[in-house]
Amino acid sequence: MAEADSKRLGPVRKWGILLATVVALAAGLIGLPTTQSAGHPVHRMSDQQSPATVHPLSGALSLTHQTAADTSPYAQLVPPDAPGISAASAYLMDARTGEIFYSNNALNEVAMASTTKIMTAIVAMTFGKPDQMITIHQDAVAEQNGENSVAGLQLGDTLTLHDLLYALMLPSGDDAAVAIADGVAGSEANFVRMMNLEAALLGLVHTHYVNVHGLDAPDHYTTVGDLAHVARIAMNFPLFAAIVKTPVYGTKTTLHGQYTWNTTNELLTQNLYEGTIGIKTGHTGNAGYCLVFAATRNGSTLIGVLLGEQDLSGEQRFIDAKALLDWGFAREQNIALWMGAIAGRH
């Protein structure tokens, strides 16, 4: 899968580099600014992050913030300052091109809580079949300890992998994660090995898993950069994309009673953000409140990650996500307007 993903993204990167070169040359010809003025970063890059990891288009279109003295006809196209974010680490990228819009502490290896389940879903969809029948065993029910987030699966019930993926992603069911691991790989330990193999194939050198649900454990960590890449891969699965934008899902068959699961992603419910298409919340003591989010507007799709939000209610992650999305979409629009202005001059 990693090889196929690389092939899909290869042409985009090549065209991005070519487009960046053309735009940079055009900007030089018409006198547009091409470097960022000090103190107003378009990208907030961690000191640990190499500029080489930024998509070439970003460098070519590092739009400066205009001053009062600037009388350029393109001054109105300049994007606003990046918003202040309270998360310990944060990331925002263009889902199509991979261009990095915002990156803070992108290489910090930290706990990821239930955002782990994005990789759980990827492995399940890669090695399992949606219509595969999975019976709920005691190890899955044991996750229902009054503390974990669960889907309320009943011992002995049999569900399809398709339905268990909804149980995994919407209510963030730890019991569903274990049930999926048993059904697809025979045990959680076997499934975790598959998760780490998939991470290695995807080049996620700052990610390691020791469980399928994301509960705090030594050596269970990721970075916002790695997690954004995982989310981008996952959204290429039509089933996954359909699941994570669903607010409520219910199922009942002759093999199990009625189940109704509600999403924990408030960007799809009471904390609505127009265009939201997913993806996953998380929370543990070590990880704080976490959110992987995605939204689409005017043909553009952005994916973001927030890890280590420390407010008591868990609401700040949704506020920060909205701010990053608003800023990112404004930047996308400004780039489109700027490129339109360039085209109009030739």
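## Ring contacts, salt bridges and cores

Arg331 lies over the face of Phe101, 4.5 Å from the ring centre (a charge sits over a ring if NZ of Lys or CZ of Arg is within 6 Å of the ring centre and within 35 degrees of the ring normal). The model is predicted: local features need pLDDT of at least 70, side-chain atom pairs count only at pLDDT 80 or more, and totals for chains, interfaces and linings use all residues. Residues are numbered from 1 along each chain as its sequence is written, and side-chain values use heavy atoms, with hydrogens and water left out.

The structure holds 3 salt bridges (a side-chain nitrogen of Lys or Arg within 4 Å of a carboxyl oxygen of Asp or Glu).

| Salt bridge | N to O distance |
|---|---|
| Arg331 and Glu99 | 3.0 Å |
| Lys117 and Asp174 | 2.6 Å |
| Arg297 and Asp326 | 3.9 Å |

Helices (H or I, at least four residues) and strands (E, at least two) are DSSP runs, numbered from the N terminus. Arg297 is partly exposed at 29% relative accessibility, and Asp326 is partly exposed at 40%. Both Arg331 and Glu99, by contrast, are buried, as are both Lys117 and Asp174. Buried means under 20% relative accessible area, exposed over 50%, and partly exposed in between (1.4 Å probe, protein chains only).

There are 4 aromatic pairs in the structure. Rings of Phe, Tyr and Trp (its six-membered ring) pair if their centres lie within 6.5 Å; planes under 30 degrees apart count as stacked, over 60 as edge-to-face and the rest as tilted. Tyr102 and Trp327 have ring centres 6.2 Å apart and planes at 80°, so this pair is edge-to-face. Tyr102 belongs to strand S2 (residues 100-104) and Trp327 to helix H10 (residues 316-344), so the pair joins parts 225 residues apart in sequence. Tyr102 is buried, at 0% relative accessible area, and Trp327 is buried at 4%. Tyr249 and Trp261 are stacked, with 6.3 Å between centres and 10° between planes.

Trp261 is also one of the residues that touch the most other members of the largest nonpolar core, which has 73 residues. A nonpolar core is a set of buried Ala, Val, Leu, Ile, Met, Phe, Trp, Tyr and Cys residues joined through side-chain atoms within 4.5 Å. Helix H6 (residues 174-185) gives this core its largest share, 8 residues. A second, separate core of 19 residues includes Trp327 and Leu324.
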